[in-house]
Every structure is written in structure tokens, then in C-alpha cells.
Amino acid sequence: MKVIVVASLAYSLVNFRGALLAAMVKAGHSVIACAPEADAEISAQLAEMGVEYRRIVMRRTGTNPLSDLATLAALVSLVRKERPDVLLAYTQKPIIYAGIAMRLAGHGRYYAMVSGLGHVFTPGAGSSLLRAIVSRLYRMAVARAEAVFVFNSDDRGEMLRLGIIDHRHRVVQVPGSGVDIGRFSARPVPDDGICFLMVARLLRDKGLCEFVEAARLLRARGVEARFQLLGPLDTNPTGIGRAEVGAWHAEGLVEYLGETRDVTPFLARATVFVLPSYYREGLPRTILEAMATARAVITTDMPGCREPIVEGVNGFLVPPRDALALADAMERFARDPRLAVIMGAAARRIAEAKYAVAKVNGLLLSTMRLDDASLQTPEAPRGIGRRLFDIAVSALGLVALAPLGLIIAVLVALSMGSPIMFTQTRSGRNGRPFQLRKFRTMTQIHGPDGELASDEARITRLGRALRRFRLDELPQLYNVLKGDMSLIGPRPMLPESKLLQGEAGAIRGLVRPGLTGWAQVNGNTLLTEEEKLSLDLWYVGHGSWRLDCQILFRTFLVLLRGERLNHPAIRSVYAGNARRRG
């Protein structure tokens with residue numbers, strides 16, 4: 001498949017996405033990487049990976065509409081010429097203009113990686129008008145995205161609040177960019193005096209002024225320590241100039257180390273990593289690199305920054321814009337040097353367990369269906385004829401069963417009150433969320449602790465009868481008519497279900513979920529989750545008109561006789577899986 005990856009900084013393609021690009025090439029895909037700079041070194045490194053580099057017109061930090069229109073035009077031209085099967089964009093401008101370009105000229109799948117909402121959405125930064133314009137552009141860009149990747153648990157809620165996304169969007173949280181735990185290996189904490197290192201672009205939003213003020217406070221307290229600052233100047237509106245940094249350096253508060261493309265030796269010489277950012281981060285890669293190097297972390301209790309920190313275990317969280325709290329946290333390490341060693345070891349363990357780049361890229365590739373050639377095949381059991389069949393049967397069913405549905409609605413209203421329907425977000429084809437509807441079968445009674453009572457206590461006699469004959473699922477005929485579901489397929493799961501992760505979840509998602517399916521007629525609630533998954537995967541690989549007719553017939557038998565385990569079907573599925581693994 002042809003894949004285009006769009007970034008706003010050429011260096012990030014190697015530093016942040018190099019392992020991902022290499023994994024795409026290894027999986028057999030043709031990959032084009034795009035960024036604004038003419039960087040011969042980066043272009044050469046990408047070429048060694050087998051990735052083609054293309055320069056695109058883009059002003060990374062500007063707000064000139066003419067410049068942004070030129071970016072959009074360049075991306076539309078690129079998409080029309082290359083006709084990518086998949087386009088992945090990350091950071092604000094690439095997400096917005098690549099997303100709009102795919103809507104205007106694309107025919108493939110579009111994925112947006114929100115590695116942080118950025119300066120515009122930082123509290124107190126920018127104007128409300130600018131936030132409204134950027135939110136609107138974001139909304140246009142991701143309207144048809146197959147998935148939106150986020151790095152922390154706060155960004156999805158913020159994007160919902162801003163109207164950038166709604167409940168129909170598939171939002172997948174990934175553990176940041178990941179970190180190469182081989183390159184960033186655990187290094188012993190130096191014992192020749194404490195050194196606090198901050199690595200960041202020179203932006204006020206990154207907490208530079210707070211870092212300097214904390215150094216000033218600790219100097220006044222008589223704390224002996226070094227305070228080092230590493231990072232490039234930036235043209236962002238909150239950028240700090242060279243003169244101001246030089247003044248800090250001249251005052252003896254911080255050592256400015258300039259910028260580098262290899263932070264490993266600087267992390268090795270540091271005792272504690274510090275990032276007092278109040279920028280709207282995704283999940284700072286610098287924190288992960290420090291953790292992998294076995295360095296304790298002090299950062300702010302802000303979205304993204306707080307994500308990898310377990311308070312008091314691998315670091316400390318301090319309030320944003322609070323130099324005094326930052327100084328207090330730094331002093332704890334200065335007064336007890338063992339703390340940096342203990343917390344640094346914990347940081348390394350967390351980095352290995354959760355943030356290893358191979359794990360992160362595996363999740364990204366499986367979500368984009370780029371990790372295995374078997375995932376590139378079209379949806380075998382679902383063609384145009386099958387979709388027309390779904391439409392015809394669901395439409396007829398809704399009309400014919402309308403009187404029965406009305407009776408059930410009245411009974412539910414009389415026995416349980418309002419609302420009549422139970423609505424829940426479920427995962428559809430290729431993981432796209434949709435709103436599943438069914439008649440209510442349970443009350444909303446609460447226990448003595450104020451929490452909802454157990455399902456067994458809440459289900460009513462009417463609810464049991466509706467579930468026994470699956471009459472509670474009649475409203476799902478509307479989901480079938482809309483195209484959210486099919487008459488036959490794997491049952492729709494909650495988006496956060498672990499069974500939907502990885503390769504197996506991606507394969508299961510190749511077909512629309514169904515009203516009934518192979519697992520439902522071979523045991524359903526009597527099966528384990530793993531057995532259901534195996535039966536679902538078998539159906540995806542063997543679906544046919546004949547099998548669907550068999551499932552429909554056996555569904556009626558289940559309604560008449562109740563659920564029964566079909567041991568031969570289960571055993572045959574496991575035997576087939578064992579042969580494939582062998």
C-alpha cells in the first residue's frame with residue numbers, strides 16, 4: 001500500500017517517527033514522508049530506511065491565511081498525484097490541511113495523530129476567536145478520519161467540549177510516541193553533585209521562567225546544584241529570545257547548552273529531569289526518554305505531562321506556573337540523593353512496561369491496518385449484494401414489526417418509565433463508533449452506597465422475557481438500515497474492549513457487527529470471551545451466503561430452545577487456529 005506521512009518538522013520524522021516509518025517499510029508498504037524543510041541529512045536518513053522524502057510548503061508557526069492556503073494547495077496536489085491508500089498527519093497544521101486535502105482530493109483512509117492540542121489551546125494563551133477558528137478547521141479536517149490518535153486521556157474530552165469531534169469519531173489513545181528503550185538505556189545516576197536538566201523548545205509555555213525562578217529560590221536557600229537548559233530557539237509567539245537566555249546564563253542561574261539532535265549524553269550526566277510545562281502537551285517525548293534513561297521526573301499536573309508519572313514513585317507533579325512548588329520538589333532530591341536513584345529505577349521499569357516504541361507502533365499499525373498483508377484484503381463476507389440484502393430485510397422488518405415494537409415500548413414505559421431506549425456507544429466496522437439502541441430491560445435503582453445496583457437486581461421480569469427472545473434488540477434493525485450493523489456478523493463490542501486491540505481486533509473489525517452471528521448460535525453467553533473471539537475470527541475468514549443462511553436458521557432455533565454450546569464448532573475453530581499457528 002502507498003502511505004503518506006505529513007509532519008511540520010523534518011527532524012521529527014526521524015527522531016519521533018523513525019521507528020514507525022521503518023516498520024511500515026518492513027511491512028511492505030511504499031512510504032512518502034513530508035515536511036517543510038530542505039534538510040539533506042534527514043532526507044538521507046529517510047532514504048536509508050527506504051522512505052521517500054518530499055518537501056511541502058508550510059510555515060509551522062505562522063497564522064498568515066495566504067501561507068496556509070499555499071500549504072493546502074500543495075497537499076491537495078500531492079494527494080491527487082500520489083493517491084495514497086493511507087495518509088497519517090501529526091501536529092496541528094499537518095492534521096488540519098492534510099485532512100482537508102484528503103476530503104477534497106483523497107480516496108484513501110485518513111488518520112490524525114494529535115500529539116498535543118498546542119499553544120492555541122493552552123489556558124490563557126491566544127484569543128477566543130483564534131481558538132474558535134482553529135477548532136472549526138480541526139473539525140473540518142477530522143470529519144471523515146478513520147481514527148484520531150491521542151496521547152493522553154484529557155485530549156479526547158477537550159476535543160469533544162470544543163466540538164472538534166463527536167461520539168461518532170473513533171478515538172484511540174496510544175502511549176505517546178513511545179521510546180527506544182535500547183537507544184535510551186538505563187544509566188547510573190551520577191554521584192558528583194546534583195544536576196537538574198530541562199529539555200524543551202525555548203517557549204515560556206514550557207515553564208522556562210518557572211525553572212529559572214526555582215533555580216533562583218534554591219540558590220537563595222543555599223542549595224548546591226546545577227541547573228541546565230537544553231533546547232532550540234523557537235519562533236512561536238511565546239518564544240524566548242537569545243538575549244534573555246544569555247542574561248540567565250550570565251546571572252549564573254542556568255547553564256544554556258544550546259540544541260542537539262542527541263540528548264542521550266546530557267540525560268546520562270543529569271540527576272533529575274525537569275519539565276514545568278503548562279503548554280497543551282500530548283505526552284512529552286522528553287519525559288519518556290528521561291524515564292528510559294532511569295531518571296526521576298519533576299513535571300506539572302497538566303494534561304500529557306502527568307500521564308506517565310506515578311506521584312512519589314517515579315517523580316513528582318507540581319502545579320503549573322508555580323515556581324515555589326517546583327523549587328520545593330527539586331529541593332527534596334537535593335536533600336536526599338538516594339531519592340533520584342530509587343525513583344529513576346522505577347521510571348525505567350514503567351518505560352519498559354508501557355512506553356516501549358515497539359509496543360506503541362504495533363498499536364498504531366494495527367489500528368491503521370498496516371501491520372499485516374492479511375489485513376489489506378477487502379471485506380470478504382460483505383459485498384454490495386449483502387448490503388442490499390441488509391437494507392431490504394431491515395426496512396421490511398421495521399415496517400412489519402412496528403406494531404410489536406409499539407407494544408413493547410408501551411410496556412417498558414409502564415414498567416420502568418422513561419427513557420424507553422437504552423443507548424450505548426459500540427465499535428463498528430474498522431472500529432468506527434456508533435450509537436447502538438435497544439429497549440430497556442433494567443431499572444436505575446441504586447444500592448445503599450449510592451452506586452447502581454447489580455444487573456441481577458436491576459433487571460425486570462419484562463426485561464428477562466425481552467432478552468430471552470431477543471426482542472430488546474428490535475431497534476437495532478434501524479442500525480442495520482443505517483449501515484452501522486449488518487444482520488449477521490460479530491456482535492458489537494464496547495470501544496474500550498481489550499478484545500478489539502491488536503491484530504485480532506483489527507481482523508474482527510473488517511466486517512460490520514451483526515444482530516446475530518456465529519458465536520451467538522454456538523453458545524453466546526455460555527462461551528468465554530476468548531471462545532467468542534475465536535468464533536468471530538473464523539466467521540470473518542469463512543463468511544458466505546450459505547453460512548449466513550445457516551446462522552439465520554440456527555438463530556430461530558436458539559429463540560425456540562434457548563442457548564446451547566456447540567462443542568464441535570468450537571473445537572473445529574481451535575483446531576484451525578492451531579494449524580495456522582503451526
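I began with the salt bridges, counting a side-chain nitrogen of Lys or Arg within 4 Å of a carboxyl oxygen of Asp or Glu, and the structure holds 29 of them. I note that this is a predicted model, in which local features need pLDDT of at least 70 and side-chain atom pairs count only at pLDDT 80 or more, while totals for chains, interfaces and linings use all residues. Residues are numbered from 1 along each chain as its sequence is written, and side-chain values use heavy atoms, with hydrogens and water left out.

I looked up arginine 183, which forms a salt bridge with aspartate 262, their closest N and O atoms being 3.4 Å apart. Arginine 183 lies in the loop between strand S7 (171–173) and strand S8 (195–199), and aspartate 262 in the loop between strand S10 (255–256) and helix H10 (264–269), so the pair ties together parts that are 79 residues apart in sequence. Helices (H or I, at least four residues) and strands (E, at least two) are DSSP runs, numbered from the N terminus. Arginine 183 is partly exposed at 38% relative accessibility; I use buried for under 20% relative accessible area, exposed for over 50% and partly exposed for values in between (1.4 Å probe, protein chains only).

I then turned to glutamate 331 and arginine 335, whose closest N and O atoms are 2.9 Å apart in a salt bridge. Both lie in helix H12 (residues 323–335), four residues apart, about one turn of the helix. Glutamate 331 is buried at 16% relative accessible area, whereas arginine 335 is exposed at 54%.

I also recorded the salt bridge of lysine 482 with aspartate 484, with 3.4 Å between the closest N and O atoms. Lysine 482 is partly exposed at 46%, while aspartate 484 is buried at 17%. Lys2, Glu52, Arg54 and Glu82 are linked in a network of salt bridges.

Next I checked the nonpolar surface patch (residues with over 30% relative accessible area and no salt bridge, nonpolar side chains joined within 5 Å). Ile384, Leu388, Ile391, Tyr478 and Leu481 make this patch of about 480 Å², the area coming from the Shrake-Rupley method with a 1.4 Å probe. Helix H15 (384–400) and helix H19 (476–482) each supply at least two of its residues, and H15 gives the largest share, three residues. Leucine 388 lies in H15 and is exposed, with a relative accessible area of 53%.

Last, I looked at valine 558, which is found in helix H22 (residues 545–561) and is buried at 12% relative accessibility. The C-alpha atoms of valine 558 and valine 341 are separated by 61 Å.

Conventions
Patch = residues over 30% accessible without salt bridge, like charges linked within 9 Å, V, L, I, M, F, W, Y side chains within 5 Å.
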